[in-house]
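Good morning, colleagues. Please have the sequence and the structure before you.

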Amino acid sequence: QVQLVESGGGLVQPGGSLRLSCAASGSFFSAYAMGWYRQAPGKQRELVASITSGGSTNYADSVKGRFTISRDNAKKTVYLQMDSLKPEDTAVYYCSAHMSRTYWGQGTQVTVSS
């Protein structure tokens with residue numbers, strides 16, 4: 001069983017930065033593939049970035065070069081550094097952990113607006 005708690009969301013101006021954190025509880029965190037998803041109003045949830053247990057990363061085309069996913073296995077935490085934010089990045093951001101099944105956090109709101 002894994003519980004995930006996201007933090008770090010908020011309101012930021014276009015061009016600004018935010019860092020999201022996702023703290024996990026439970027065992028074997030280092031074995032999980034971790035991901036960040038987002039869901040904007042009226043849209044489907046989409047993958048933003050993922051990182052495997054070995055540290056390989058993958059990004060949606062829309063965030064490549066602007067977002068960076070990383071993990072600290074000792075702290076059982078995964079991060080999403082978001083730079084050069086755009087209004088279209090506005091969404092609820094969810095953390096996920098996947099091994100034999102997928103666990104989800106409760107989400108954190110990110111709003112990019114002037």
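Predicted model: local features only at pLDDT ≥ 70, side-chain atom pairs only at ≥ 80, totals over all residues.

I begin with Glu-46 and Arg-38, whose side chains meet in a salt bridge with an N to O distance of 2.7 Å. The term salt bridge here denotes a side-chain nitrogen of Lys or Arg within 4 Å of a carboxyl oxygen of Asp or Glu. Residues are numbered from 1 along each chain as its sequence is written, and side-chain values use heavy atoms, with hydrogens and water left out.

How exposed or buried are the two partners? Glu-46 is partly exposed, with a relative accessible area of 36%, whereas Arg-38 counts as buried at 6% relative accessibility. In these terms, buried means under 20% relative accessible area, exposed means over 50%, and partly exposed lies in between, with a 1.4 Å probe and protein chains only.

Arg-38 has a further partner: Asp-89 forms a salt bridge with Arg-38, the closest N and O atoms being 2.9 Å apart. Asp-89 lies in the loop between strand S8 (77–82) and S9, and Arg-38 in strand S4 (residues 33–39), so the pair ties together parts that are 51 residues apart in sequence. Strands (E, at least two residues) are DSSP runs, numbered from the N terminus.

Asp-89 also forms a salt bridge with Arg-66, where the closest N and O atoms are 2.8 Å apart. Arg-66 lies in the loop between strand S6 (57–59) and strand S7 (67–72), so its pairing with Asp-89 ties together parts 23 residues apart in sequence. Asp-89 is buried at 1% relative accessibility, and Arg-66 is buried at 10%.

Taken together, Arg-38, Glu-46, Arg-66 and Asp-89 are linked in a network of salt bridges. A search of the whole structure finds four salt bridges.

I turn now to the covalent link. Which residues form a disulfide? Cys-22 and Cys-95 do, with their sulfur atoms 2.1 Å apart; the criterion is a pair of cysteine sulfur atoms within 2.5 Å. Cys-22 lies in strand S3 (residues 18–25) and Cys-95 in strand S9 (residues 91–98), so the pair ties together parts that are 73 residues apart in sequence. The torsion about the S-S bond is about -80°, so the disulfide is left-handed. Cys-22 counts as buried at 0% relative accessibility, and Cys-95 is likewise buried at 0%.

Technical notes. Helix = DSSP H or I, 4+ residues; strand = E, 2+ residues; numbered from the N terminus.
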